[in-house]
Amino acid sequence: IPLAEETGLIVALDRWVLRQALAEVAKWRASYPELIVNVNLASKQFEDKTLPNELANLLAQYQLEPSALKLEITENTLMNSPKVSMAVLEQLHQQGIGLCVDDFGTGYSSLSYLLDFPVHTLKIDRTFTRQMLSNEASLELVKTIITMAQNLQLTVVAEGIETPVQLAKLQALGCQQAQGYLFGKPLPTQEATHLLTTSFYHPLIKNTLT
């Protein structure tokens, strides 16, 4: 990915990923209409002014509601150019596309953008969740992010969950959603389809597949 960003190929790569993700979720939603796909967006792609129109065309092509897609954008990407970010986010928000701040807690220290930008979800970076059982500072930070997200009426997702003990701790803290190897590892399309078919309504993973 760093090489793709350096050479400029990241934009073409992002477009391919978006197209593939929407094509697959369109098939899956025939059986699971509530399913949402999350797609990470590189900074160069996010700064492209044609992005909202491109997404609208892709959603129409695959006959998907905008709510079927949630874009994940890092704090640093949002703050590289706040005015540009605001304009793009407002367009995407108006289209009905979900917006998520990825790796929350590792970027800029200013939190004022959460009041201004129309984001819906915060994802707690795995750096903090991985250490929260052994590091009091990490635990307090996780607690703070969860409480802040709830007060701002944002969904909060904990990244990097690998053990039942971590999951139990997050549930005790009121965290709404989690993702990580505890629920499943990255899978090719065929195996992911099998997982949805056999396990989608299992209590452990329902509403956690992102």
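## Basis of the description

Residues are numbered from 1 along each chain as its sequence is written. In this predicted model, local features need pLDDT of at least 70 and side-chain atom pairs count only at pLDDT 80 or more, while totals for chains, interfaces and linings use all residues; side-chain values use heavy atoms, leaving out hydrogens and water.

## The sheet and its helices

Six strands form an open sheet with parallel pairing, in the order β1-β2-β3-β4-β5-β6. The edges are β1 (37-40) and β6 (177-178), each with a single partner strand, so one side of each has no neighbour in the sheet. Helices (H or I, at least four residues) and strands (E, at least two) are DSSP runs, numbered from the N terminus, and two strands pair if DSSP finds at least two bridges between them.

Strand β1 pairs with β2 (residues 69-74) over four bridges, and V37 stands opposite L69 in β2.

## Threonine 77

T77 belongs to helix α5 (residues 75-80). At 7% relative accessibility, T77 is buried (under 20% relative accessible area; exposed is over 50% and partly exposed in between, with a 1.4 Å probe and protein chains only).

Apart from neighbours within four places in sequence, T77 is in contact (heavy atoms within 4.5 Å) with S43, F46 and S85.

## The cysteines

The model has zero disulfides, a disulfide being a pair of cysteine sulfur atoms within 2.5 Å. The sulfur of C175 lies 12 Å from the closest cysteine sulfur, in C100, which is too far for a bond. C100 is buried at 2% relative accessibility, and C175 is buried at 12%.
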